[in-house]
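Please keep the sequence and the 3D view open while reading.

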Amino acid sequence: MSTRSKLLLLFLGLILLLAACGEKDYNGDFSYEVSDFSYTNQDNQQFDSGELEGKFWIADFIFTNCETVCPNMTSNMVDLQKMLKDEGLEDVEFVSFSVDPEHDTPEKLKEYAASRGASFDNWNLLTGYEFQEIKELSIKSFKTMLEEAPDSDQMIHGINFFVVTPEGNAIKKFNGTQPAEMENIVQYLKEVY
């Protein structure tokens with residue numbers, strides 16, 4: 001074998017080795033890097049994305065004054081939290097971003113989730129930012145829309161639950177308004193965990 005052939009094989013081997021050191025293949029549908037954030041949770045404490053490193057987490061976008069999908073989404077998230085705990089996956093984290101930070105205080109978020117049976121052991125409901133900031137996070141990191149409804153106190157936002165990897169990439173979404181999807185999330189996490 002010539003020196004050139006040996007170098008080529010060495011080079012190809014190095015490329016394969018480096019590729020193997022990348023992010024694990026979670027069989028997701030996409031991979032969107034979630035921007036770093038530091039917001040205020042339901043206990044009026046700072047919570048930042050660094051606390052999620054090395055963990056799977058589920059993200060959604062809600063607001064407490066929502067007259068349509070949010071109550072159902074939050075109830076489904078409560079069910080999902082219980083289902084994952086029953087499967088021994090209680091270290092999966094949950095993050096709900098308020099899309100109405102002007103009105104959603106930490107106290108309102110806590111009361112809203114608690115009234116639906118949420119456990120705050122692994123669930124942070126976040127506020128403490130400007131609307132434009134959460135809109136940017138929603139669109140850039142999760143590729144999901146967010147708009148203020150004209151002539152209304154309502155928000156137009158996505159209804160998905162996003163699975164985020166331990167490396168901080170959103171890789172899969174499920175319809176958060178459909179109770180049957182909670183079982184699909186559980187099955188997916190059991191496969192990739």
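The text below goes from the overall fold to the sheet, then to one helix, and ends with the rings.

The model is predicted: local features need pLDDT of at least 70, side-chain atom pairs count only at pLDDT 80 or more, and totals for chains, interfaces and linings use all residues. Residues are numbered from 1 along each chain as its sequence is written, and side-chain values use heavy atoms, with hydrogens and water left out.

**Overall fold**

The protein chain has five helices and ten strands. Helices (H or I, at least four residues) and strands (E, at least two) are DSSP runs, numbered from the N terminus. Of its 193 residues, 47% count as buried. Buried means under 20% relative accessible area and exposed over 50%, with partly exposed in between (1.4 Å probe, protein chains only). Of the contacts (heavy atoms within 4.5 Å) between residues at least 6 apart in sequence, 71% join residues at least 24 apart.

**The sheet and the helices on it**

Six strands form an open sheet in the order β1-β10-β9-β4-β5-β6, with mixed pairing. Two strands pair if DSSP finds at least two bridges between them. The edge strands, β1 (32–33) and β6 (123–126), each pair on one side only. Strands β9 and β10 are antiparallel to each other and share five bridges; V164 has A170 in β10 as its bridge partner.

Helix α2 lies across β4, β5, β6 and β9, and runs at about 165° to β4. Helix α4 (residues 131–142) also packs on the sheet, where it touches β1, β4, β5, β9 and β10, and its direction makes about 135° with that of β4. For these angles, axes are lines fitted to C-alpha atoms, for helices over the stretch in contact, and angles run from 0 to 180 degrees between N-to-C directions.

**Helix α5**

Which residues of α5 are buried? They are E181, M182, I185, V186, Y188, L189 and V192. Seen down the axis of α5, these buried residues fall within an arc of 165°, so they line one face of the helix. The arc is that of the directions from the helix axis to the C-beta atoms. An α-helix has 3.6 residues a turn, so residues three or four places apart point the same way. The face of α5 turned away from the buried side carries the exposed residues A180 and E191. The cover over the buried residues of α5 includes β4 (57–62), α2 (70–86), β9 (160–164) and β10.

**Aromatic rings**

The whole structure holds 14 aromatic pairs. Rings of Phe, Tyr and Trp (its six-membered ring) pair if their centres lie within 6.5 Å; planes under 30 degrees apart count as stacked, over 60 as edge-to-face and the rest as tilted.

| Pair | Type | Centre to centre | Angle between planes |
|---|---|---|---|
| Y39 and F97 | edge-to-face | 6.4 Å | 85° |
| F174 and Y188 | tilted | 6.2 Å | 55° |

Y39 lies in strand β2 (residues 38–40) and F97 in strand β5 (residues 93–98), so their pair ties together parts 58 residues apart in sequence. Both Y39 and F97 are buried. F174 lies in strand β10 (residues 169–175) and Y188 in helix α5 (residues 179–192), so this pair ties together parts 14 residues apart in sequence. F174 counts as buried at 7% relative accessibility, and Y188 at 6%.

Ring pairs also link F37, Y39, W57, F61, F97, Y129, F142 and F162 into a cluster.
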